[in-house]
2 protein chains.
Amino acid sequence: MKVAAGIDIGGTNAVAAIVLADGKIETRFNFPIKKFPAIENLVDELSDAILKNCEANNFELIGIGIGAPNGNFYSGSIEFAPNLPWKGIIPLAKMFQQKCNVPSWLTNDANAAAIGEMIFGAAKGKKDFLMVTLGTGLGSGIVANGELIYGHDGLAGEMGHTIVVRNGRQCGCGRKGCLETYCSATGLVRTIKEWLQDGKKSSLNNIDINSITSKQIFEAAENNDALALEAFRFTSEMLGMALADAVAYTSPDTIVLFGGLVNAGNLIIGQTKHYMEQNLLHIYKNKVTIVASQLPESDAAILGAASLVWKESKA
Amino acid sequence: MKVAAGIDIGGTNAVAAIVLADGKIETRFNFPIKKFPAIENLVDELSDAILKNCEANNFELIGIGIGAPNGNFYSGSIEFAPNLPWKGIIPLAKMFQQKCNVPSWLTNDANAAAIGEMIFGAAKGKKDFLMVTLGTGLGSGIVANGELIYGHDGLAGEMGHTIVVRNGRQCGCGRKGCLETYCSATGLVRTIKEWLQDGKKSSLNNIDINSITSKQIFEAAENNDALALEAFRFTSEMLGMALADAVAYTSPDTIVLFGGLVNAGNLIIGQTKHYMEQNLLHIYKNKVTIVASQLPESDAAILGAASLVWKESKA
């Protein structure tokens, strides 16, 4: 049976899995990143695990797909990822290709998620959609004409770093007012912290301000805490305005939202849709669906990575 | 010899031309729009002119390309164009196809210009670029992976209606702060008018405020009028900021600027490049070229329309 390997490189763990053509995950391996100060050792261990599993199960491995922060599809390299222990340019696709002797592809996490949704998830069969991941930051993958847009340098799709408030919040990228400083788990926490520091009242006052999490804000909102509800409204308004602009670029029919924040359901999805519609140019109104990812949160990254193989080996 | 017909529908004139494969314009016809309250009559006259010319010259007409405001590539129709006498949905591509018995395509002016630049002009051979037309409004065409992005509904690429100033200038679309209210010939004139009405001093004070044109502002800037120079700087700053965001979506290597304002040369191009670089996310810095269109202004629209034929009949 033909299988693909999907590898998700995160800040804490590297997860690999053997994935069947229908998206079923056959086996999964988990390696803590900090055990591998040298990337070569991680490649060796992951490759061994993948190859042995395929041999034992009589699987034909047709390729390896990798999702990684700062991943460049064209070069197949991780380029200057701030949150990984390996510095500079890491030609990871080539390293796996040589070790496992199968074609290998690499892209960033949000692009991998977009392909995962297109092959297995909420955007199955869609030719024009936008993937937005709301995690620590805001990642995006743009699909147009049925193809992921990589740009001339492999680095397209950084919607999280478009400016939503001129001279707004300081962003980790060095600039100010980037969308991800408002619309992400971190952005939601920043919003509440700013308001609490301004003396606003909330049940969240009982929590140490430096340890507040987006999950706690969601719980407070579920218990009708007015400030927590307002934080979700504000986050949705910022995201809705940004998505209205995004639609004017590539005119997608679907926007797939992914990540912890999406668990807040209509506090995010419904309100974001409301504010997007309010801000859309008339020709786009009532045409764009916003949906939650249909991939289980724990599997999405590796399914996305594996789907790179199914996508590219068909191409 | 194989030829294409290019038709440019504008607010004042419909211009058609017979165009050779190398972009040479063989013949050109011009019909004032106001002579044709019924679209059928315009289609008849243009078709007759095209077909007779091809017959007389022994040309083989391989297709017709049309650029028109509010043109939808997928439907081949002009949809609710506010500045044309024909209301509602006009299935223009189909009408020409039936009349002339050759395949016909239609898209909006900015998309046609983008394809024109890709086939004949400043973006020859480019796979990822952005076309921005600075005229009465701001039009845009996005090319990624070598393909024009039409979006799910044929209406992608409305960068002129992304918001550059929240609650900013009133736009004709009904919303506020759209890029084209600042960055266009009209936007430049609005900027100067606002400032003159605020009592700012300029050589332009000598002109009736309601008749000031972008050309006069350019002439004043060339004569070192400080207010006119500041208006070009301000326009370039707004455009540079907007382009920095646009780059984060599709990561083009080239941005082609077209239209009357571009005649101001580095007052627009150089300054826009400066402000774009200042606002770009670090991964995109020093990678994106901004160039003026290489198509003669009087020919660009019909060359763009004709190039639709060469592009689509190859596809």
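Contact here means heavy atoms within 4.5 Å. The model is a predicted one: local features need pLDDT of at least 70, side-chain atom pairs count only at pLDDT 80 or more, and totals for chains, interfaces and linings use all residues. Residues are numbered from 1 along each chain as its sequence is written, chains are lettered from A and ligands numbered from 1 in the order in which they are written, and side-chain values use heavy atoms, with hydrogens and water left out.

1. **B:Val262.** Start in chain B. B:Val262 lies in the loop between β12 (254–258) and α7 (269–279). Helices (H or I, at least four residues) and strands (E, at least two) are DSSP runs, numbered from the N terminus. Leaving aside neighbours within four places in sequence, B:Val262 is in contact with B:Leu134, B:Leu257, B:Ile269 and B:Ala292. Is B:Val262 buried or exposed? B:Val262 has a relative accessible area of 10%, so it is buried. Buried means under 20% relative accessible area, exposed over 50%, and partly exposed in between (1.4 Å probe, protein chains only). The C-alpha atoms of B:Val262 and B:Ile149 are separated by 24 Å. Those two residues are 113 apart along the chain.

2. **A:Leu257.** Now chain A. A:Leu257 lies in strand β12 (residues 254–258) of chain A. A:Leu257 has a relative accessible area of 0%, and is therefore buried. A:Ile90 is 167 residues from A:Leu257 along the chain, and their C-alpha atoms are separated by 29 Å.

3. **Parallel strands in chain B.** Two strands pair if DSSP finds at least two bridges between them. Strand β4 (residues 60–67) of chain B has parallel partners. Strand β1 (residues 2–9) of chain B pairs with β4(B) over seven bridges, in the parallel sense. There, B:Asp8 stands opposite B:Gly67. β4(B) and β8(B) also run parallel, over four bridges. In β8(B), B:Ser104 is the bridge partner of B:Ile64, and B:Leu106 is that of B:Ile66. β4(B) is mostly covered, with seven of its eight residues buried.

4. **The two faces of β8(B).** In a regular strand the side chains alternate between the two faces of the sheet. Strand β8 (residues 104–107) of chain B has B:Ser104 and B:Leu106 pointing one way. B:Trp105 and B:Thr107 point the other way. All four are buried.

5. **A sheet in chain A.** An open sheet of three strands has the order β5-β6-β7 (chain A), with antiparallel pairing. β5 (71–72) and β7 (89–90) of chain A stand at the edges, each with a single partner strand, so one side of each is left without a neighbour in the sheet. Strand β6 (residues 77–79) of chain A is joined to β7(A) by two bridges. A:Glu79 stands opposite A:Ile89 in β7(A).

6. **Helix α8(B).** How far apart are the end C-alpha atoms of helix α8 (residues 300–314) of chain B? They are 21 Å apart, which agrees with the 21 Å that its 15 residues should span at 1.5 Å a residue. The expected span is 1.5 Å times one less than the number of residues. The helix is mostly covered: twelve of its 15 residues are buried. Among them are B:Ile302, B:Leu308 and B:Trp310.

7. **Aromatic rings.** The whole structure holds 15 aromatic pairs over all chains. Rings of Phe, Tyr and Trp (its six-membered ring) pair if their centres lie within 6.5 Å; planes under 30 degrees apart count as stacked, over 60 as edge-to-face and the rest as tilted. The rings of A:Tyr182 and A:Phe234 have centres 6.3 Å apart and planes at 65°, so this pair is edge-to-face. The pair links distant parts of the chain, 52 residues apart. A:Tyr182 is in the loop between β11 (147–148) and α4 (185–197) of chain A, and A:Phe234 is in helix α6 (residues 226–250) of chain A. A:Tyr182 is buried at 6% relative accessible area, and A:Phe234 counts as buried at 18%. Elsewhere, A:Phe73, A:Tyr74 and A:Tyr150 form one aromatic cluster.

8. **Between the chains.** 40 residues of chain B are in contact with 40 residues of chain A. The area buried between them is about 3500 Å², and carbon and sulfur atoms give 55% of that. Buried area is the accessible area (1.4 Å probe) that two parts lose on being put together, summed over both. In chain B, B:His152, B:Arg166 and B:Tyr249 lose the most area to chain A, together 23% of what that side buries. Two salt bridges are counted between the chains. A salt bridge is a side-chain nitrogen of Lys or Arg within 4 Å of a carboxyl oxygen of Asp or Glu. A:Lys287 forms one with B:Asp153, the closest N and O atoms being 2.7 Å apart.
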